[in-house]
Amino acid sequence: MRDTLVLNASFEPLSTVTLNRAVVLVLQDKAVVEQAHPELRMRGAEVDIPAPRVIRLCRYVRVPFRRQAPWSRRGVLVRDRHRCAYCGRRATTVDHVVPRSQGGQDTWLNTVASCAEDNHRKANRTPEQAGMPLLRQPFEPTPADAMLLALGAEELAALPDWLVREAA
């Protein structure tokens, strides 16, 4: 399970790693713990450190500039927090605002999370044609925000405020 956020030396979110990998990076002095789990500790024969929740690399890692997060069905569900864009219930599917049969594409701005019932009811129509207004408009998350949203609500709530400015 990936539950440790990795920040670049400039405090930019880079990725998430397993708890074990995070501990290895800290023990090798490649990273420092920025935030630890309050009650969890990692203990060994000669080691006793807090379990890292957020680590920061000691050296800056150059990352190729990525203007937008890659689209995925899972990403849409995570972006919309698994809530249906039509009724607000738990979403399990992805719906195209403009159906593919009418030229709609798999893009962040044309897809929303939807419950199976509303997805079936909307069928091959636009929300206006089906009389089903969207509760919230789809948006395109930045790569950093997409990664933070993927951490999950519980992990996201435990992160420092300066890190989760818009993702929450």
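This note describes a predicted model of a protein chain, point by point.

1. Basis of the model. Because this is a predicted model, local features need pLDDT of at least 70 and side-chain atom pairs count only at pLDDT 80 or more, whereas totals for chains, interfaces and linings use all residues. Residues are numbered from 1 along each chain as its sequence is written, and side-chain values use heavy atoms, with hydrogens and water left out.

2. Overall composition. The chain has six helices and six strands. Helices (H or I, at least four residues) and strands (E, at least two) are DSSP runs, numbered from the N terminus. Read from the N terminus, the order of elements is β-β-α-β-β-α-β-β-α-α-α-α.

3. Of the 168 residues in the chain, 40% are buried; buried means under 20% relative accessible area, exposed over 50%, and partly exposed in between (1.4 Å probe, protein chains only). Contact means heavy atoms within 4.5 Å. Among contacts between residues at least 6 apart in sequence, 57% join residues at least 24 apart. The accessible surface of the chain comes to about 10,200 Å², and carbon and sulfur atoms account for 52% of that area. Accessible areas come from the Shrake-Rupley method with a 1.4 Å probe; for residues, only the protein chains shown count as cover.

4. Helix α1. Which residues of α1 are buried? They are L19, A22, V23, L25 and V26. These residues cover an arc of only 160° around the axis, which puts them on the same side of α1. The arc is that of the directions from the helix axis to the C-beta atoms.

5. Residue D29. After α1 comes D29, whose phi is positive, near 60°. This residue is found in the loop between α1 (19–27) and β3 (31–43). D29 counts as exposed because its relative accessibility is 61%. As background, most residues other than glycine have a negative phi.

6. Residue R81. A positive phi of about 55° also occurs at R81, which is not a glycine. R81 lies in the loop between α2 (73–79) and β5 (93–96). With 38% relative accessibility, R81 counts as partly exposed.

7. Strands β3 and β4. These strands run antiparallel and are joined by eight bridges; two strands pair if DSSP finds at least two bridges between them. A hairpin of four residues connects β3 to β4. Within the pairing, V32 stands opposite R56 in β4. Eight of the ten residues of β4 are buried, so this strand is largely enclosed by the rest of the structure.

8. Residue P50. P50 lies in strand β4 (residues 48–57) and, at 29% relative accessibility, counts as partly exposed. Leaving aside neighbours within four places in sequence, P50 is in contact with A36, L40 and R41.

9. Strands β5 and β6. Four bridges pair β5 and β6 in the antiparallel sense, and T93 has S114 in β6 as its bridge partner. Both faces of β6 (residues 111–114) are covered: T111 and A113 are buried on one side, and V112 and S114 are buried on the other. In a regular strand the side chains alternate between the two faces of the sheet.

10. Residue C115. C115 lies in the loop between β6 and α3 (116–122). Is C115 buried or exposed? With a relative accessible area of 5%, C115 is buried. Apart from neighbours within four places in sequence, the residues in contact with C115 are C84, C87, R89, R90, A91, T92 and T93. C115 and T92 are 23 residues apart in sequence, and their C-alpha atoms are 5.4 Å apart in space.

11. How many cavities of 30 Å³ or more does a search of the whole structure find? The search finds one. A cavity is a set of points, on a 1 Å grid over the protein atoms alone, where a 1.4 Å probe fits but cannot get out; lining residues have an atom within 4 Å of a point. Grid points are joined across faces, edges and corners, and a volume is the space filled by probe spheres set on the points. The largest cavity holds about 30 Å³ of space. Its lining consists of R79, D80, A85, V112, R136, Q137, P138 and F139.

Key:
1 Å grid on protein atoms, 1.4 Å probe; cavity = no way out; pocket = protein on both sides within 12 Å on 5 of 7 lines; lining within 4 Å.
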